[in-house]
Amino acid sequence: MPLAFSASQALQLSVKQHADQLPAYLDDEERLIGALLDPSQLEKLGEGRYRYTVTRLQVFQLQIQPVVELVARRHANRIELEAVDCELEGLGIVDDFQLSLESWLEANDQGVHGEAALAVSVSQPSLLKLIPVKMLEATGRSLLAGILLGIKTRVQQQLLDDFEAWCLAPVGR
């Protein structure tokens, strides 16, 4: 029986200055992705495609490091990020590991709002067979919620700073 857990996080950022420029900023995909995620863990694979190496995580006695392939899709006043592939380093061979991530940011008159939903399904590693499934799932939900909260905190701090810097940059961007 696979373990399954999920978490989601909403975001609402007020922007008081230059709010009219938010749609153009959201359209600057590469810069925006670099502001949302840690650029030192991010690799551009091609147009709208990125590889993101998540910070190494400790789960009980296991150390794991997800490496996620992301696709960015731009729409008017909006950008969406979706995980299309994920490798899990640290658990050995796990045949049925699945990760899904769907997130979006959208500009409106007040600023930026968005949401991220993260879910994982994986078989119980043999190292953790003695730990009750409910405890593993609760730990998994907490871990995913922590990842999303970390990203939200980074976005709240970094995105507004980067947006202000972008607004002050030369017009030729």
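In which strand is the place of Ser103? Ser103 lies in strand E7, which spans residues 98-108. Helices (H or I, at least four residues) and strands (E, at least two) are DSSP runs, numbered from the N terminus. The model is predicted: local features need pLDDT of at least 70, side-chain atom pairs count only at pLDDT 80 or more, and totals for chains, interfaces and linings use all residues. Residues are numbered from 1 along each chain as its sequence is written, and side-chain values use heavy atoms, with hydrogens and water left out.

Ser103 is buried, at 16% relative accessibility. Here, buried means under 20% relative accessible area, exposed over 50%, and partly exposed in between (1.4 Å probe, protein chains only). Contact means heavy atoms within 4.5 Å. Setting aside residues up to four places away in sequence, Ser103 touches Ile79, Glu80, Leu81, Glu115 and Ala116.

Val84 belongs to strand E6, residues 78-89. Its relative accessible area is 40%, so Val84 is partly exposed. Beyond neighbours within four places in sequence, Val84 contacts Arg49, Glu69 and Val71. Of these, Glu69 is 15 residues from Val84 in sequence, with a C-alpha to C-alpha separation of 5.8 Å. In a regular strand, side chains alternate between the two faces of the sheet.

Strand pairing was also examined. Two strands pair if DSSP finds at least two bridges between them. Strands E2 (residues 42-46) and E3 (residues 49-53) run antiparallel and are joined by 4 bridges. Within this pairing, Lys44 has Tyr50 in E3 as its bridge partner. The hairpin of E2 and E3 has 2 residues between the strands. Gly48 in this hairpin takes a positive phi near 75°.

Charged pairs form a further set of features. Side chains of opposite charge can pair when their charged atoms come close. A salt bridge is a side-chain nitrogen of Lys or Arg within 4 Å of a carboxyl oxygen of Asp or Glu. By this rule, the model holds 10 salt bridges.

One of them joins the side chains of Glu29 and Arg74, at 3.7 Å from N to O. This pair links distant parts of the chain: Glu29 sits in helix H2 (residues 29-36) and Arg74 in strand E5 (residues 62-75), 45 residues apart. Glu29 is buried, with a relative accessible area of 5%. Arg74, in contrast, is partly exposed at 37% relative accessibility.

Another salt bridge connects Arg73 with Glu82, whose closest N and O atoms are 2.8 Å apart. Arg73 is partly exposed, with a relative accessible area of 34%. Glu82 is likewise partly exposed, its relative accessible area being 26%.

Glu106 counts as partly exposed, with 23% relative accessibility. Elsewhere, salt bridges that share partners join Asp27, Glu29, Glu47 and Arg74 into one network.

Cysteines complete the description. A disulfide is a pair of cysteine sulfur atoms within 2.5 Å. The structure holds 0 disulfides. Cys86 is buried, with a relative accessible area of 16%. Cys167 is also buried, at 13% relative accessibility.
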